[in-house]
Amino acid sequence: MSIKQYDGSAGGWGALKATTEHLLKSNNVAKNILNLLRTNQDHGFDCPGCAWGEKGVPGRFRFCENGAKAVNWEATSKRVDRHFFAEHSVSYLNQQTDYWLEFQGRLSEPMKYDAASDHYQPISWDDAFSEIAKHLNALENPNQAEFYTSGRASNEAAFMYQLFVRRFGTNNFPDCSNMCHEASGVALIEAIGIGKGTVRIEDFEKADAIFLFGQNPGTNHPRMLETLASAYKRGARIVAFNNLKERGLERFTNPQHPLEMLKNDSTPTTSDYYLPKLGGDMALVRGVVKTLYQRHQIAQQQGKSVFDMAFIAEHTDGMDDYLAQVDATQWDDITEQSGLSRAGIENIADIYQNAERVIVTWAMGITQHKHSVNTIQELVNLQLLFGQIGKEGAGLCPVRGHSNVQGDRTVGINEKPNAAFLSRFEKVFGFAPPAERGHNVVEALQALAAGNSKVFIGLGGNLVAAAPDTAKVAATMRNAELTVNIATKLNRTHVNPGKDAIILPCLGRTDIDIQAAGEQKITVEDSFSMVHASSGRVDMREEQMRSEVAIIAGIAAATLGARNPVDWQAMVDNYDRIRDLIEQTIPGFEDFNQRLDLPGGFYLGNSAGERSWNTSNGKARFFGHALPAQIVPVTANADEHTFLMQTMRSHDQYNTTIYGYDDRYRSVFGERNVVFFNEADMQRLGLNTGDLVDITSLWHDGVERKITGFKAVPHEIAQGNLAAYFPEANALIPLDSYGDRSFTPTSKSILVKVNSSNQSAPLVSTRAS
């Protein structure tokens with residue numbers, strides 16, 4: 001490992017250099033240059049990375065550094081085939097790093113695990129479908145199968161998947177939303193009647209203030225940086241709340257601005273930066289509301305109002321009970337839990353009160369705590385008090401991860417479907433789908449671990465690496481009767497196979513999808529409810545890979561037999577037919593096929609954005625939750641070595657995909673087994689940069705969860721908090737530590753104990769511009 005102080009801004013020449021390096025690593029340079037020029041363009045393909053939207057205006061290019069990495073990573077010329085698997089046993093593969101596994105190239109033919117030899121061996125597509133059907137039809141009941149979905153699946157594939165699974169007879173749809181933004185959906189549906197954000201990307205051009213909670217756009221959704229820099233330039237107040245300093249929340253050099261590049265100049269992305277404690281965001285928002293409520297009470301004595309009382313009277317319910325809870329909350333509890341001073345919180349209240357239009361955004365720094373649903377509803381409460389929902393330049397904006405994680409949920413990937421969806425579904429397909437609640441990710445893994453579920457089928461993703469409690473989840477997967485993974489690249493889940501296991505190689509976002517009716521388009525939905533068409537550019541006709549739609553149809557046809565609700569092959573032949581069914585089943589998709597070619601896509605609409613509240617009483621609802629007594633219950637053996645830890649991505653990473661070993665913006669190069677400390681905490685423990693530590697999680701079940709030999713690195717982070725990379729630190733998170741009502745793993749609040757390994761790691765300290 002080396003620490004090379006990186007003083008550059010986010011983006012800029014560093015981003016161009018990294019993009020070039022990954023372009024060369026793809027072994028497909030000429031084709032990938034053309035691919036990048038087609039990324040996020042009309043009649044091109046949607047970036048396989050994040051879900052940040054586009055304004056729909058012409059541009060020279062519409063990809064960011066991480067999007068370029070995703071494209072180059074997928075569109076490689078390297079192949080993983082029968083010769084590769086003949087050379088490498090699964091036991092050997094499981095000893096390799098996550099980076100090494102995916103770097104081997106694209107999966108190129110169906111493979112079946114042979115336990116006797118510990119190798120994957122080739123299998124034909126038809127035999128693979130028959131083998132899967134045999135296992136599914138041998139189950140005692142459909143609920144013994146778990147059907148996982150990654151957010152990279154298209155609307156068409158996800159709709160086909162849920163149609164097959166519901167006809168099979170279960171709502172077991174664990175998906176990646178359960179591990180990231182499930183708390184957002186739960187909180188927003190209860191409060192405003194829809195589980196999506198209420199803003200469009202154009203609203204950022206009109207906001208007077210943008211409040212960002214628990215997110216790192218420089219790494220996780222870099223195209224947002226241009227939006228923030230543009231808002232800053234026109235005078236918007238941009239306030240960041242993050243428990244560690246991130247370069248992308250400080251300044252940005254836009255690679256599309258030649259003058260800015262030539263001058264090596266940059267634009268700030270935030271005007272105000274606060275470092276709350278992990279899990280303290282609800283307390284700091286409560287403090288802001290308490291400050292504003294006190295001002296409101298004084299104003300009322302003068303016949304005035306701080307709150308938007310007309311909006312509150314017409315559109316909301318529950319304010320009085322909520323404000324009673326605010327009044328009862330003590331300032332000592334607010335400052336202790338948030339880690340911010342009362343004066344600091346009052347300054348934040350000033351910014352909010354002086355802005356006519358406010359957007360509140362958040363990501364997984366908010367959603368991966370035990371009290372995440374309550375925290376998000378506290379954000380909603382603040383916006384409701386000022387009528388900041390349903391007007392231009394204002395609203396709520398959960399920033400999603402994968403490019404279609406929101407679309408998958410829209411078209412039916414949901415373990416708890418509502419009655420309206422089930423009614424429409426039955427009317428279109430002529431059979432009653434199961435109504436009982438299915439399994440989310442945590443429940444699916446618990447059922448598989450207990451032997452109550454037997455089969456796991458994954459439409460994309462890498463669940464063993466993504467899930468908490470790594471050792472337990474890997475053992476759980478190996479104990480399944482059958483695991484099936486539909487994927488583009490080899491990953492950790494594939495090398496922890498069930499007793500029977502099949503890998504089915506699929507086309508990626510960058511690939512041309514040619515079926516009987518010709519070249520096909522798929523669609524995705526971004527964080528702003530915009531639906532885009534996507535068409536790949538890489539010709540894969542000489543490969544054995546199949547589209548996700550074709551693979552799902554093959555499994556469905558083999559499994560359902562006479563119970564088939566549709567002609568699966570007809571759907572594969574022409575995806576327009578799938579979109580016709582989506583149009584009939586899902587509101588907002590009227591004239592779906594006819595609107596595919598609209599520049600920038602089309603808008604699905606948002607009921608809360610129109611101030612129509614699909615809640616139990618037809619009003620937007622205030623929720624008066626008490627602050628949590630503790631972020632994490634402190635165990636009896638807590639001492640001065642006890643910290644609260646979060647997991648996070650490095651800059652050379654997207655979700656579980658590791659593109660390299662550098663974390664440029666945090667000045668770490670060539671290493672992932674690191675843990676970030678507040679410098680004062682390191683001094684208190686007698687640690688120097690590069691010293692090795694062991695980290696053990698503190699949980700009530702008596703199971704030892706430990707990672708060893710992690711290198712201590714100082715960083716600007718709230719005192720008493722630590723940060724380490726996902727998925728390396730996932731081993732510390734107990735499977736049964738999850739959010740109230742969301743079941744989202746508490747990846748941002750893990751109570752741990754740190755002890756020195758009494759070793760010293762080689763370290764080179766230099767500076768990099």
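This is a predicted model: local features need pLDDT of at least 70, side-chain atom pairs count only at pLDDT 80 or more; totals for chains, interfaces and linings use all residues.
Local features are given where pLDDT is at least 70, side-chain atom pairs count only at pLDDT 80 or more, and totals for chains, interfaces and linings use all residues. Residues are numbered from 1 along each chain as its sequence is written, and side-chain values use heavy atoms, with hydrogens and water left out.

I begin with helix 8 (residues 155-168) and helix 25 (residues 548-560), whose axes come within 9 Å and cross at roughly 10 degrees. Helices here are DSSP runs of H or I with at least four residues, strands are runs of E with at least two, and both are numbered from the N terminus. Axes are lines fitted to C-alpha atoms, for helices over the stretch in contact, and angles run from 0 to 180 degrees between N-to-C directions. Helix 8 is therefore roughly parallel to helix 25, a term for angles under 35 degrees. In helix 8, the residues in contact (heavy atoms within 4.5 Å) include Met160, Tyr161 and Phe164; among their partners in helix 25 are Ile552, Ala556 and Leu560. The residues of this contact divide into 11 nonpolar, 1 polar and 3 charged. Nonpolar covers Ala, Val, Leu, Ile, Met, Phe, Trp, Tyr, Cys and Pro; charged covers Asp, Glu, Lys and Arg; the others, Gly among them, are polar.

The second pair is helix 15 (residues 319-328) and helix 19 (residues 372-385), which pack at an angle of about 115 degrees with axes 12 Å apart. Met319, Tyr322 and Leu323 of helix 15 make this contact with Glu378, Asn381 and Leu385 of helix 19. Its residues comprise 4 nonpolar, 1 polar and 1 charged.

I turn now to the space within the model. Which element gives the most to the lining of the largest pocket? Helix 9 does, with 5 residues. Helix 9 (182-192), helix 20 (405-410) and helix 21 (419-429) are the elements that each give two or more residues to that lining. By class, the lining has 10 nonpolar, 15 polar and 10 charged residues.

Finally, the backbone. Most residues other than glycine have a negative phi, and most peptide bonds are trans. Phe726 and Pro727 are joined by a cis peptide bond, with omega about 10 degrees. Pro727 lies in the loop between strand 32 (721-725) and strand 33 (750-760). Asp469, a residue other than glycine, has a positive phi, near 55 degrees, and lies in the loop between helix 23 (463-466) and helix 24 (470-478).

Key:
Angles under 35 degrees count as roughly parallel, over 145 as roughly antiparallel, 65 to 115 as roughly perpendicular and the rest as oblique.
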